[in-house]
Amino acid sequence: MIRLMFTIVAGVVLGLVVHLVSVLALPRIATQDAYSRLTPMTKLNAVTQLPLADPNNSPMPFMDPAFAIAICRYDLTGGPLKLTVPVSQAYTSVSFYTRNEIAYYAINDRSAGKKVIELDLMTEPQHNELPEDEEITAADRLIIDSPSTTGLIVMKALAAEPGLMQQAQSSLQAATCAPQTEPPAKAETPRGRR
């Protein structure tokens, strides 16, 4: 009887270990992750609008047909990126993912509080190289530190009704995701002060 119980317990423990290892290893060994699927249809460091969600032909699983979706596949080895996303009429969100699909930041139009979501994306070493300017505060400029040099930015605009899909798509078409061409802006010092 003890031998039978030992065999059952050993089988359950072995099954749990195999299950846990396979679940944890699957994202690393999967060949068709989101980054790999989107690489042939997107440009690097540029915004690419995805086709509308279709159950028979969808570039990513579980796409919501009420959202227009655009992707920026980024590579920060050449320097920081400047992201600008106009806010749509209903709802706009921007999510950031590493190359291995780990979400590390998200913002929406309500938390941005502006008509345009603007931010700078860079790695931590690139952020540390920025000159410190006490007159530029965090409220003046949103800087996101990416934990990896490559990844995806997913922009979504809600079409509250099917007739508003064109408007949601046009707001994402105006989005930009491009390398910064100029150094970070410095606040001007008023004349007469030093």
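**Patch and salt bridges in a predicted model**

Modeller: This is a predicted model. On its surface, Met1, Leu4, Met5, Ile8, Val12 and Leu16 make up a nonpolar patch, with about 660 Å² of accessible area together.

Colleague: Why is Val12 called partly exposed?

Modeller: Its relative accessibility is 49%. Exposed means over 50%, buried means under 20%, and partly exposed lies in between. So Val12 counts as partly exposed.

Colleague: Where does Val12 lie?

Modeller: In helix 1, residues 2-29.

Colleague: How many salt bridges does a search of the whole structure find?

Modeller: It finds 2.

Colleague: What makes Asp120 and Lys82 a salt bridge?

Modeller: The cut-off is a side-chain nitrogen of Lys or Arg within 4 Å of a carboxyl oxygen of Asp or Glu. Here the N to O distance is 3.3 Å. So the pair counts as a salt bridge.

Colleague: Which parts does that pair tie together?

Modeller: Asp120 lies in strand 6 (residues 116-123) and Lys82 in strand 3 (residues 81-86), so the pair ties together parts 38 residues apart in sequence.

Colleague: Is Asp120 buried or exposed?

Modeller: Its relative accessibility is 2%. Buried means under 20%, so Asp120 counts as buried. Lys82, at 33%, counts as partly exposed.

Colleague: How do you know that Asp109 forms a salt bridge with Arg110?

Modeller: Their closest N and O atoms are 2.9 Å apart. The cut-off is within 4 Å, so the pair qualifies.

Colleague: Why is Arg110 called exposed?

Modeller: Arg110 has 56% relative accessibility. Exposed means over 50%, so Arg110 counts as exposed. Asp109 is buried, with a relative accessible area of 10%.

Notes: Residues numbered from 1 in each chain as written. Predicted model: local features only at pLDDT ≥ 70, side-chain atom pairs only at ≥ 80, totals over all residues. Heavy atoms only, no water. Patch = residues over 30% accessible without salt bridge, like charges linked within 9 Å, V, L, I, M, F, W, Y side chains within 5 Å. Areas by Shrake-Rupley, 256 points an atom, 1.4 Å probe, with all protein chains shown as cover. Helix = DSSP H or I, 4+ residues; strand = E, 2+ residues; numbered from the N terminus. Buried < 20%, exposed > 50% of the residue type's maximum accessible area, 1.4 Å probe, protein only.
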